[in-house]
Structure formats: C-alpha cells, structure tokens
Amino acid sequence: MVRPSIVILTGAGISAESGLSTFRGNGGLWEDRRVEEVATPEAFAADPDSVHRFYNLRRAQLRDVKPNAAHHALAELERAWKGPFLLITQNVDDLHDRAGSQRLLHMHGELRKARCLRCGAIHPWDGALDQATPCPSCHQRSSLRPHIVWFGEMPLDMERIELALYLCDLFVSIGTSGNVYPAAGFVQQVGAQAHTLELNLDASQTTSLFHESRRGKATDLVPAWVQEISG
C-alpha cells in the first residue's frame, strides 16, 4: 500500500519556541531602522556593513539555541514515512537540519551559508562576514553576501515546491502567519485531492482556507499530530 504524499510548511512560530529572537524591537525596528531596510539587494548595495552586521548577529545567535520537540518530531516522521515527503521551511535557521531533517528545502535561504556575487559559489559559513572577507573560491573581496532570499528576490526551489504541492495528499502548515507570500498562498496551490491542516498558536491570515485548524504551541501540537498520523 502506497502511503499518501505529505508536504509540510514551517514558519517562525516553530523556531520561536527554541528561543530564537526575530531581532525586531517595537514597531519592527532594528537599530532604529525597519528590518526591511537591511533585507533587500538595494540595502546591501547602499550599506553592506549594516546588512552584514544584522546577519552576523542572527548567525551568532544560532549557537545559543537548539531544536525543540516540534523539530525532532518532524524529523522522526520523515524517517518513518514510507511515502513521498517534503518539508519546506521559511526559516533561515538550521534547527530542522540539526534535528535530522533531510527531505528539506530552505525556500528563503540559510544563515549558515554565504554566496559569492562574483563566481556564484555557495559556501558553508559559521563566522562573521564583512566586505574584507574573501570568497574561498575566487578569492575576491567585497563579493560575499548572506545566502538569504531578500525582499524582492525569488524564493528558492519554487518549481520543485509547486510540483510537490500539486501532487500532495496532505498539506500541513506549522507556525506561520499567513502574510508572507508566496508561502501564504501554498494552501491554495494544492491539488483537489489534498487535505489541508494548520497547526498554529493563533489564527493566521489564511486560517479560513484550511480544512482543519488546531491551536496551541508547536512543541505540543506537532508531536501529538506526528504520533496520530504515524499510528
């Protein structure tokens, strides 16, 4: 018997329970600037030092957090599931990776990687980046940027994601706000055969589009749902 195809989308809510700060103060500010002002290609071109400083702080914070029960439950489900399975995360942290997830796509990029604007090489990166840092491949300076999808850029792996959504039998959204596109529209891209489930602390902007919605912490809801579906 072929098991159903599962596609799971995770957002900031799952990482927040590991204590991961969003670096947003009151009014969505960082150093008296809107976070969006340090998360665009234009911002990087105009003030690369500020952009590097913002992401260096976020990268450093990863050393102080660990995957939580929800991350581990999803990794356990992946290992146990015999059918098609894809985990898509909007998060740029590596908590899913550290929990053991492998059938995983980081649609918004990864904090612990750097990309060269000159040669296009992508490198694992744990330390700080600045304009003086040379690319390990082409050795050019002032060429490395965080491997992050900024506002105005196309998310990664969209063709693979769209195909998986169309073919899936079960789509589950976990810890998302429903206001960041294109991810917020995934629930509308699934095929007619798919059941859709939202696991969230509060109602999202797309809650009404799901067949089923459950409220609570991801660390409670996700392990319980995984146990239920693993049966």
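Leaving aside neighbours within four places in sequence, which residues is W225 in contact with? I will come to that after some ground rules.

This is a predicted model, in which local features need pLDDT of at least 70, side-chain atom pairs count only at pLDDT 80 or more, and totals for chains, interfaces and linings use all residues. Residues are numbered from 1 along each chain as its sequence is written, and side-chain values use heavy atoms, with hydrogens and water left out.

Back to W225. With those sequence neighbours set aside, W225 is in contact (heavy atoms within 4.5 Å) with I8, L74, L77, L170, V172, L197, L199 and R214.

W225 belongs to the largest nonpolar core, which has 21 residues. A nonpolar core here is a set of buried Ala, Val, Leu, Ile, Met, Phe, Trp, Tyr and Cys residues joined through side-chain atoms within 4.5 Å; buried means under 20% relative accessible area, with a 1.4 Å probe and protein chains only. The members touching the most others are I8, L74, V172, I174, L199, V222 and W225. Two or more residues each come from β1 (6-10), α4 (69-80), β4 (85-89), β9 (170-174), β10 (195-200) and α7 (218-230). Helices (H or I, at least four residues) and strands (E, at least two) are DSSP runs, numbered from the N terminus. The largest share, five residues, is from α7. A second, separate core has 18 residues, including L86, I88, C168 and F186.

Now the strands. Two strands pair if DSSP finds at least two bridges between them. β6 (residues 109-116) pairs antiparallel with β8 (residues 144-148) over five bridges, and E110 stands opposite H147 there. β6 also pairs antiparallel with β7 (residues 122-124), over three bridges; K113 has P124 as its bridge partner. Five residues separate β6 and β7 in a hairpin, where G120 in the turn has a positive phi of about 85°.

Conventions:
Buried < 20%, exposed > 50% of the residue type's maximum accessible area, 1.4 Å probe, protein only.
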